Amino acid sequence: MNKQRLLSGHETELLTSEELRKIREDRVMYKSGLVRILSDGWLYPAIATRYLDWIYNMELRPDDVFIITFPKSGTTWMQEILWVMLRNPDLDPNNKEMKEPLWVRSMDLCFDMFFDNYELAKTDMKSIAEKFSRVCPGKKKEDGMVIQIAESQPLPRVIKSHFPLELHNKDLLKKCKVVYVARNPKDVMVSNYHYVRVIRNENYQGSLEKFARDFMKGDLLLCPYWPHVLQAWRQSDNPNLYFTTYEDMKDDIMGQLRNINKFLGKNLTEEQLKKIAKFTSFSSMKTRGDPIDKAFYIEDLWKKQGGMFRKGIKGDWKNHFSPELNQEMDQWIRDNVKDTGLKFKFGN
Ligand code: PPS
């Protein structure tokens, strides 16, 4: 069946082998193939359609906080901030949950679809598999380990998602709080490029220029970029959505923590916020180590490029762009932000 309708109402279209060849250069990476979700054309492993319906039906609790981002926009940073603010604001070193890596304390709703990848299917994601058998006894792995762990988590939950707002339950913003972090697309693209080279499910071999052009065309997994960001941007007046940017977090983390404190209604003191800022700084998070399982990445390449905490700066794109690519991307950005009021900072 090439077409399907999701519970969210979106139509899906399985890519033909010719379309697959065009964008994947003959590398068949997902058992189920790839799918586009219309009309924006979100590109996912085709098995995502099953999980998206599950996610759509997932019970939402009023104290859930979602962190939604386009990949490589500062998710992990904000995810840890939200998690400690909600579940360990005094940073108690004996907090039992805190001993687990972030990715099993706060689940990534996108992740189940990646287990459909031939390479990842060969590995055992120990931390996820162990947690699944512990907290979801009798449940079936095929229904999504990560989603089911998320369902079983104690409240309040911090739930991560790279799916765009429109693919979540239509009541998400009525029932829960959502923090959306956007990052300028040049740095997002560069950060993604480094990441896909070193993760097992991609092991990307192409050049940065090709990657950048595919990124602009929306021909990479989890793309396109603009509708993801703009859907959230259009909701930035919604009292249940806090829209911020990676660049604003880098420029003034205390200001951001105060806003989030207010948004979550936490009433944490200035002293607590200062400690949280320090605890979630790039250097502290890097020192504590990668928040994900080793099985996910190609270890030597991963280490060489800096792991999950690669550089953590604004404007790294300047170290990678040719003048031609920069011109092309500037035009693409101008075309897409026109009349939206959205402005990015592009780094020092
Ligand atoms: S993911 O895989 O999509 O969830 O990645 P994500 O966490 O969104 O983005 C990874 C980039 O964020 C940087 N990062 C940080 N910057 C500043 N401070 C802190 N604490 C922090 N934590 C992660 C990380 O280094 C990636 O950016 P690049 O440019 O690749 O360094």
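This is a predicted model: local features need pLDDT of at least 70, side-chain atom pairs count only at pLDDT 80 or more; totals for chains, interfaces and linings use all residues.

Residues are numbered from 1 along each chain as its sequence is written, and side-chain values use heavy atoms, with hydrogens and water left out.

**The ligand**

The selection holds 21 residues, and Thr75, Thr76, Ser191, Lys311 and Gly312 are the closest. By class, nine residues of this shell are polar, seven nonpolar and five charged. Here Ala, Val, Leu, Ile, Met, Phe, Trp, Tyr, Cys and Pro count as nonpolar, Asp, Glu, Lys and Arg as charged, and the others, Gly among them, as polar.

Next, colour helix H3 (75-87) and helix H15 (282-288), each of which supplies at least two residues of the shell. H3 gives the largest share, three residues. Helices (H or I, at least four residues) and strands (E, at least two) are DSSP runs, numbered from the N terminus.

Now display the distances to ligand oxygen atoms. A polar side-chain atom of Arg310 lies 2.8 Å from one oxygen atom of the ligand, and a side-chain N or O atom of Arg183 lies 3.0 Å from a ligand oxygen. At Gly312, a polar backbone atom is 2.8 Å from an oxygen atom of the ligand. The ligand has 640 Å² of accessible area on its own, and the protein covers 97% of that area; the areas come from the Shrake-Rupley method with a 1.4 Å probe.

**The second largest pocket**

Centre the view on Phe115, Asp116, Ala121, Lys141 and Met145, which lie nearest the centre of the second largest pocket among its 17 lining residues. Helix H2 (48-57) and helix H5 (118-121) are the elements that give two or more residues to this lining. The lining comprises eight nonpolar, two polar and seven charged residues. On a 1 Å grid over the protein atoms alone, a pocket is an open set of points where a 1.4 Å probe fits, with protein on both sides within 12 Å along at least five of seven lines, and lining residues have an atom within 4 Å of a point.

**Two side-chain contacts**

Select Lys122, in the loop between H5 and helix H6 (126-135). Is Lys122 buried or exposed? Lys122 counts as exposed because its relative accessibility is 64%, where exposed means over 50% and buried under 20% (1.4 Å probe, protein chains only). Its side chain forms a polar contact of 2.8 Å with that of Glu119; such a contact is a pair of N or O atoms within 3.5 Å, and within protein one must be able to donate a hydrogen and the other to accept it, with residues adjacent in sequence counting only if both atoms are side-chain atoms.

Move to Asp219, in the loop between helix H10 (208-217) and helix H11 (225-233). Asp219 counts as buried because its relative accessibility is 15%. A polar contact of 2.7 Å joins its side chain to that of Arg36.

**Backbone features**

In the H10 to H11 loop, select Pro224; the bond joining Cys223 and Pro224 is a cis peptide, with omega about 10 degrees.

Key:
A residue is near a molecule or strand if one of its heavy atoms lies within 4 Å of it.
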